[in-house]
Amino acid sequence: MLSQQNQTCLDACLACATECDRCLDADLSESDLKSLVDCIRLDRDCAKICYTAASFIASNSTYAADICKVCAQLCEACATECEKHSHMEHCKKCAAACRACAEECKKMAVHAHA
């Protein structure tokens with residue numbers, strides 16, 4: 001059974017990974033792909049680390065906090081990039097999910113090492 005904090009972080013990671021996958025897919029349909037290359041790459045990387053973090057959290061891994069620290073960094077980078085394209089709804093939603101996930105992952109990282 002996961003603690004409430006762990007469950008909240010796991011949920012945030014899955015929500016973020018889903019939004020990153022949606023954003024990546026939507027970016028690929030845009031006409032100006034060259035301007036979205038960094039966004040697409042960060043969406044991909046962020047989704048991967050979020051799915052990985054969720055898996056580590058779900059299994060109560062002793063390394064979950066370490067993964068969450070990296071996850072928070074990638075989520076912040078992805079949010080910053082998506083905010084550059086906030087005129088697109090999918091990037092706006094992705095940025096919000098990334099910011100929320102980064103905050104939850106930071107809490108996990110801090111509490112585990114406290």
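1. Disulfides. The count comes to 0 disulfides, a disulfide being a pair of cysteine sulfur atoms within 2.5 Å. Cys82 is in none, and its nearest cysteine sulfur, that of Cys39, lies 3.6 Å away. Cys94 is likewise in no disulfide; here the nearest cysteine sulfur belongs to Cys20, at 3.7 Å.

2. Basis. This is a predicted model, in which local features need pLDDT of at least 70 and side-chain atom pairs count only at pLDDT 80 or more, while totals for chains, interfaces and linings use all residues. Residues are numbered from 1 along each chain as its sequence is written, and side-chain values use heavy atoms, with hydrogens and water left out.

3. Cysteine burial. Cys82 is buried, with a relative accessible area of 0% (buried means under 20% relative accessible area, with a 1.4 Å probe and protein chains only). Cys94 is also buried, at 0%.

4. Helix α2. This helix (a DSSP run of H or I, at least four residues, numbered from the N terminus) covers residues 37-58. Its 22 residues should span 32 Å at 1.5 Å a residue, and the end C-alpha atoms are 32 Å apart, so the two agree (the expected span is 1.5 Å times one less than the number of residues). Its buried residues include Cys39, Leu42, Asp43, Cys46 and Cys50. Just after α2, Asn60 takes a positive phi of about 55°.

5. Glu81. This residue is in helix α3, residues 64-83, and counts as buried at 9% relative accessibility. Leaving aside neighbours within four places in sequence, Glu81 is in contact (heavy atoms within 4.5 Å) with Asp38, Cys39 and Leu42.

Definitions and conventions
Helix = DSSP H or I, 4+ residues; strand = E, 2+ residues; numbered from the N terminus. Buried < 20%, exposed > 50% of the residue type's maximum accessible area, 1.4 Å probe, protein only.
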